[in-house]
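Please examine the structure shown below with its sequence.

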Amino acid sequence: MARATIPGRLTWQVATVVDVRNETARARTLVLNVPEWPGHRAGQHVDVRLVAEDGYQAQRSYSIASPPEERLVALTVERIDNAEVSPYLCDVLQVGDGLEVRGPIGGYFVWDITQGGPLLLVAGGSGIVPLMAMLRHHARADVRIRGQVPVRLLYSARSWDDVIYRTELEQLTQGQVAFTLTRDAPADWPGYRRRIDQAMLEQVSWPASQMPRAFVCGPTPLVESVSTLLVALGHDPSNVRTERFGPT
Amino acid sequence: MQAEEMRLDGNAAAGILRELFATDVTAAFATCKGCGRAGPMGTLLEYGQGMGVILRCPSCESAVLRIVRTPGWLRVDASGISLLKIPDQ
């Protein structure tokens, strides 16, 4: 049967929500069945479109959290109070509902195990989402290949309760994860408790001589600060890929 | 809201760029007509997501690409790009 879609053309489709998972008090994962899904790469996103009865449209981009190996598409959405789209996705949408999406989108902020490593991931808040797809992809790779690609993650969050995918992160990184809590840290918190700075990056990252591939995702101020610091530490700017998250 | 918090990057414009191009161009190299910087479209700075987007050069802040959606028309001003180099796969 001939396909209605033209290859290479990005079209809107109605996905079905097949599962929802609360990750934190403010973040929720939506698992979608997208009928004509061509597969994706770790780091890509989809556009989501909401249309009101009066025709008003709101469109946002959400990173894919699931690895390319999975047929279903998982998005993790952080609720931004008083925003147009995320409260609907986090509070209203239910299993069985339809959601208009188009994707996968993006070819710059992507990583594949064949590109090698070491892989340095730096996340701020919900900026962990596309990096999670990379970690899950890494975990699915053949053990001999995976063993040659070490991964480290530095994750900045406001508080321990704001850390998304906490348990899975510890497992996937085999302990190679450092958390920094910028607002509230428990009294016995053993990790960092400040914004990411040069000393922290020097401790967590590999030296520039090992040429790690760095992926930095989070709010614009964090992304610009971290990428500037990494370049100052001698990392080649072309090995430091960034994606800025805005309020949604 | 701080201005810098509203500044995104070319990755956020990837969807609207895919309405123009048959392939993803966020990894394509755009040379800025203003200062000559060449870098992936994904590294350009994006402003505004209402009626369209403006992608600016991170070095000289010139508008490299403007895309505006008006009723019935997608208007594209690419005069800030002197060369676009797209991976040929």
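**From sheet to interface**

In chain B, five strands form an open sheet in the order β1-β4-β5-β6-β7, with antiparallel pairing. Strands (E, at least two residues) and helices (H or I, at least four) are DSSP runs numbered from the N terminus, and two strands pair if DSSP finds at least two bridges between them. Because β1 (8-9) and β7 (73-77) of chain B stand at the edges with a single partner strand each, one side of each has no neighbour in the sheet. β1(B) pairs with β4 (residues 45-47) of chain B in the antiparallel sense over two bridges. Here B:Asp9 stands opposite B:Leu45 in β4(B).

This is a predicted model, in which local features need pLDDT of at least 70 and side-chain atom pairs count only at pLDDT 80 or more, while totals for chains, interfaces and linings use all residues. Residues are numbered from 1 along each chain as its sequence is written, and chains are lettered from A and ligands numbered from 1 in the order in which they are written.

Chain A is divided into domain 1 (13-105) and domain 2 (113-245), with bounds from an automatic or database domain assignment. Their centres, taken over C-alpha atoms, are separated by 24 Å. In domain 1 of chain A, 16 residues are in contact with 14 residues of domain 2 of chain A; contact means that the C-beta atoms, placed from the backbone, lie within 7 Å.

Between the chains, 18 residues of chain A are in contact with 20 residues of chain B. On the side of chain A that touches chain B, β6 (98-105), α6 (220-232) and β11 (240-245) of chain A give two or more residues each. The largest share, three residues, comes from β11(A).

How values were computed: Contact = placed C-beta atoms within 7 Å.
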